[in-house]
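Open the model in your viewer and keep the selection panel at hand. The stops below go from the ligand to a cavity and then to the domains.

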Amino acid sequence: MSNANSITNQKIFDAIHETERDGHLTDRQSEGLSGLSGARTVGLLQRLAKIYEDVPGACYLEIGVFRGLTLVSTALEAPGLACFGVDNFATLDPGGKNRAIVDERINRFGARNAELINSDFEVALESLGNHICDRRVGIYLVDGPHDYRSQLICLTLAQPFLHENAVIIIDDANYPDVRWSTRDFLLAFPEYRLAFDSYSTDHPANLASTEKAAFEATWLNGIHVLVRDPENSLAPMMPPTADNERGLYLNEWLAHRLRLAELAPEALVLADAVVSGDTAAEQSAREALTAAYANNRPEFENRHKDRNVYSAALPQSRFNPGS
Ligand SMILES: C[S@@+](CC[C@H](N)C(=O)[O-])C[C@H]1O[C@@H](n2cnc3c(N)ncnc32)[C@H](O)[C@@H]1O
């Protein structure tokens, strides 16, 4: 491990231990700074911000701002650290108010070093240099869409922009999609090591209120912390995964080629109602599925029942023009 790496990693481990013990560095919940991250997640980001504020050229980047809890909390702790948050407000925003809430919180709390990048994360990551200029991302929070591909793309597309001593925090690590994508990233990028992981017994939405409150005080829905360790000073450690979970990813391919692939969530809600014999739920699920089908009917009717490959307009063969 280079000297700079080992010093930073030791500070990161100290910050994690301190966070496990003390939680938040500053808790602004009562002032209305709430969101979807656990108290320790916020506390760790706050401590890391103080560390990276002193690292020349480093900045903070998060994917998934929601209403600004992590972005504003982190920025306020280190006014000298440029903090960027990417969100296109695609989910968890039925009233379309989250963008305005983020702007209001940045202003009200005076987080002048926080900047919202209102964009899809893939678009933002492909042109991140336009936003962060010659800075490098020292602290990277991945907390956007939690499907396997989005997680992996968040990790891989950010690579050219990460600081040589970057720390990566991956939220919602309870999900198999998150555990598998972190594992696959660590196998493909062996200069990174899993420094710390933590899981809760269930998703907060499925927990009783006392248990939920207990996990809200910690890492909520699981966390991964990755550090750069080019000289392999740390032991290899992988997120827990079970072999039978791989079937879910095989199912993606089997489901995606079917005629109604996009309706898989609605179809599974209907399937659940059917097998559990809940006739009221079956009726409303059937209506939701039929309505979603009607929304895109011409497209669905143009497809095969199975093995849709969408290759009709692809070139038959090509050579690289530089060959
Ligand atoms: C779990 S929330 C983030 C929570 C936040 N870090 C906090 O502290 O409360 C996930 C966010 O990811 C955003 N998101 C979903 N898909 C996205 C995409 N394709 N590009 C950018 N952001 C996206 C959602 O709009 C949502 O606000």
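Select aspartate 87 and the ligand: an N or O atom in the side chain of aspartate 87 is 2.7 Å from an oxygen atom of the ligand, a polar contact (a pair of N or O atoms within 3.5 Å). Taken alone, the ligand exposes 600 Å², of which the protein buries 94%; accessible areas come from the Shrake-Rupley method with a 1.4 Å probe. This is a predicted model, in which local features need pLDDT of at least 70 and side-chain atom pairs pLDDT 80 or more, while totals for chains, interfaces and linings use all residues. Residues are numbered from 1 along each chain as its sequence is written, and side-chain values use heavy atoms, without hydrogens and water.

Next, select threonine 91, where a backbone N or O atom lies 3.4 Å from an oxygen atom of the ligand. At phenylalanine 121, a backbone N or O atom is 3.0 Å from a nitrogen atom of the ligand.

Now show the whole shell: 20 residues surround the ligand, the closest being Leu36, Gly64, Asp87, Asp120 and Asp143 (a heavy atom within 4 Å). Nine of the shell residues are nonpolar, eight polar and three charged, with Gly counted as polar.

Move to the largest cavity by selecting His24, Thr26, Asp27, Arg28, Gln29, Leu33, Val42, Leu69 and Ser73, which line it. On a 1 Å grid over the protein atoms alone, a cavity is a set of points where a 1.4 Å probe fits but cannot get out, and lining residues have an atom within 4 Å of a point. The largest cavity holds about 30 Å³ of space, the volume filled by probe spheres set on the points.

Finally, colour domain 1 (3-228) and domain 2 (257-301), with bounds from an automatic or database domain assignment. Their centres, taken over C-alpha atoms, are 35 Å apart.

How values were computed: Polar contact = N/O pair within 3.5 Å; in protein donor to acceptor, adjacent residues only side chain to side chain. 1 Å grid on protein atoms, 1.4 Å probe; cavity = no way out; pocket = protein on both sides within 12 Å on 5 of 7 lines; lining within 4 Å.
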